[in-house]
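Hi everyone, thanks for coming. Let's have a look at this one together, starting with the picture on the screen.

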Amino acid sequence: MAAQIIDGKAIAAEVRKQVAEDVKALQASHGLTPGLAVVLVGEDPASKVYVKNKAAQTVEVGMKSFEYKLSETTSEQEILDLVQKLNADPEVNGILVQLPLPKHVNAEKVLNSIDPDKDVDGFHPTNVGRLWIGERTLVPCTPTGSAILAKKVMPRLKGVNAVVIGRSNIVGKPMAALLLRESCTVTIAHSQTEDLPAVCREADLLVAAVGRPEMVKKDWIKPGAVVIDVGINRVPGENGKTKLVGDVAYAECAEVAGAITPVPGGVGPMTIACLLQNTVTAAKIQKNIKD
């Protein structure tokens, strides 16, 4: 029996629709239009496309979009000064500094200079701490989107055995924290885990976020399990072209899983949608508006 395909594009559209409704509600009740500022340093082609898409979708849901495009040679201090300016700007509720930054810039220093209540990426140590102790906070977008996708096909996560492959600060660790919030029993697996396939076979919910093309094979999957593939890897394709694949060998794993995300079209579309959602949450936190 083939797995149910979890359509990230369709679910991301639902999230954006809800964000647009939330923005209208904030405008009506508090005269507040959330604003998102995106800072792009340099000419990285992928980053430029990503920033353009973020700006377009920000406007589509009725929010204010502020773009700051800086040259590759912009100094670290100039970037820090801009962040401080945005921290103090009441029109700006969310700040995102697009990575990667040029080599002469300390990315950690820049990210940590963002006001935690405007940190829509959810990377600031304050937000990391708030997440782990269960406070209202801003959570990294990719794990947030992954959790939304999982809940679409597994509405009740309480007591579910969940395995997260990967322990990065951007995906693996916050993903584990989110699943703990849902009362899952969570295992964080990684490159040093003994008998990784056996650990994965225990999972009712498997989240792969390790960055290795098609590492997870069919015999790693518990029959009927939900598989969320966070990986986006570019590999050689046909006729000298490249193609995108996930961390999961999709075709073979779809024969065993109960539900699975494709790559592309799974977790990827959720990231910007959750960024917009975070901007609304940030505006509410700053104005002390309860959900």
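**A covered strand and a helix pair**

Let me start with strand E7, residues 205–208, which is covered on both faces. Leu205 and Val207 on one side, and Leu206 and Ala208 on the other, are all buried, meaning under 20% relative accessible area with a 1.4 Å probe, protein chains only. Before I go on: this is a predicted model, where local features need pLDDT of at least 70 and side-chain atom pairs count only at 80 or more, while totals for chains, interfaces and linings use all residues. Residues are numbered from 1 along each chain as its sequence is written, and side-chain values use heavy atoms, without hydrogens and water.

Now the helices. H6 (residues 141–153) and H7 (residues 172–181) pack at about 40 degrees, with their axes 8 Å apart. That makes H6 oblique to H7, as oblique is what remains after under 35 degrees (roughly parallel), over 145 (roughly antiparallel) and 65 to 115 (roughly perpendicular). Axes are lines fitted to C-alpha atoms over the stretch in contact, with angles from 0 to 180 degrees between N-to-C directions. Pro143, Thr144, Ser146 and Ala147 in H6 meet Pro174, Met175 and Leu178 in H7, with contact meaning heavy atoms within 4.5 Å.

How values were computed
Helices (H or I, at least four residues) and strands (E, at least two) are DSSP runs, numbered from the N terminus. Buried means under 20% relative accessible area, exposed over 50%, partly exposed in between (1.4 Å probe, protein chains only).
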